[in-house]
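Please keep the structure open while going through the points.

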Amino acid sequence: MIRRADIIAAARECLDTKFHHQGRLVGVGIDCIGVMVHPAKRLGIPHIDCTTYRARPDGITLIPHLERNLERIAVGEARPGDVLCFWWVRPNLPHHLGLLTDRGLLHAYAGVRKVVEHELTDDWRERIHSAWRYRGVEPWQQSDSL
């Protein structure tokens, strides 16, 4: 079983990596999907990577990709180590991913051109479209420390 702390630790390896559309190289260039792919590769979680999406998100192709790779959960059930999907323009057009951590949100943020971890503020919470869990991850327990 995959530990949530290991998912977060692997994702934190991406911190400060420059934002690069369709990038997958930690320390060189990575995008929001790349940040979610990195822990899967690092921990041997089965996944299918996709780099055929456009730089201008269409809001349509992301959900089928998530359905192939992750287990959809209720947003209220999301815990550190789970993936959050966000929208920017319209609520029905999701196009950004971030990892929920014990500190907040870890993601490749195009706005600051790098991978960052920051508090999950109300502005971000309002834009959550859906929540997802890596398959095979350990169940969350209130007593878990990350």
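1. Basis. This is a predicted model, in which local features need pLDDT of at least 70 and side-chain atom pairs count only at pLDDT 80 or more, while totals for chains, interfaces and linings use all residues. Residues are numbered from 1 along each chain as its sequence is written, and side-chain values use heavy atoms, with hydrogens and water left out.

2. Salt bridges. The model holds ten salt bridges. The term stands for a side-chain nitrogen of Lys or Arg within 4 Å of a carboxyl oxygen of Asp or Glu. One of them joins Arg12 and Asp102, at 2.8 Å from N to O. Arg12 belongs to helix α1 (residues 4–12) and Asp102 to the loop between β5 (94–100) and β6 (105–109), so this pair ties together parts 90 residues apart in sequence. Helices (H or I, at least four residues) and strands (E, at least two) are DSSP runs, numbered from the N terminus.

3. Exposure of that pair. Arg12 is partly exposed, at 21% relative accessible area. Asp102 is also partly exposed, at 41%. The classes are buried (under 20% relative accessible area), exposed (over 50%) and partly exposed in between, with a 1.4 Å probe and protein chains only. Both residues also belong to a network of salt bridges that links Arg12, Asp102, Arg103 and Glu117.

4. Two further bridges. Glu13 and Arg42 form a salt bridge, with their closest N and O atoms 2.8 Å apart. Glu13 sits in the loop between α1 and β1 (24–25) and Arg42 in helix α2 (residues 32–43), so the bridge ties together parts 29 residues apart in sequence. Glu13 is partly exposed at 34%, whereas Arg42 is exposed at 52%. Asp31 bridges to Arg24, with 2.9 Å between the closest N and O atoms. Asp31 is buried, at 3% relative accessible area.

5. Aromatic pairs. How many aromatic pairs does the structure hold? There are three. Phe86 and Trp124 make an edge-to-face pair, 5.2 Å centre to centre with 85° between the planes. Rings of Phe, Tyr and Trp (its six-membered ring) pair if their centres lie within 6.5 Å; planes under 30 degrees apart count as stacked, over 60 as edge-to-face and the rest as tilted. Phe86 is in strand β4 (residues 83–87) and Trp124 in helix α4 (residues 122–125), so this pair links distant parts of the chain, 38 residues apart. Phe86 and Trp124 are both buried.

6. A second ring pair. The ring centres of Trp88 and Trp124 are 4.9 Å apart and the planes stand at 55°, so the pair is tilted. Trp88 lies in the loop between β4 and β5 and Trp124 in helix α4, so parts 36 residues apart in sequence are tied together. Trp88 is partly exposed, at 34%, while Trp124 is buried, at 8%. Phe86, Trp88, Tyr109 and Trp124 form one aromatic cluster.

7. Cavity. The count comes to one cavity of 30 Å³ or more. On a 1 Å grid over the protein atoms alone, a cavity is a set of points where a 1.4 Å probe fits but cannot get out, and lining residues have an atom within 4 Å of a point. Grid points are joined across faces, edges and corners, and a volume is the space filled by probe spheres set on the points. The largest cavity holds about 140 Å³.

8. Cavity lining. The largest share, four residues, comes from α2.

9. Backbone. Most residues other than glycine have a negative phi. Asp16 has a positive phi, near 70°. Asp16 is in the loop between α1 and β1 and is exposed, at 57%. Arg113 also has a positive phi, of about 65°. Arg113 is in the loop between β6 and β7 (114–118) and is partly exposed, at 49%.

Definitions and conventions. On a 1 Å grid over the protein atoms alone, a cavity is a set of points where a 1.4 Å probe fits but cannot get out, and a pocket is an open set with protein on both sides within 12 Å along at least five of seven lines; lining residues have an atom within 4 Å of a point.
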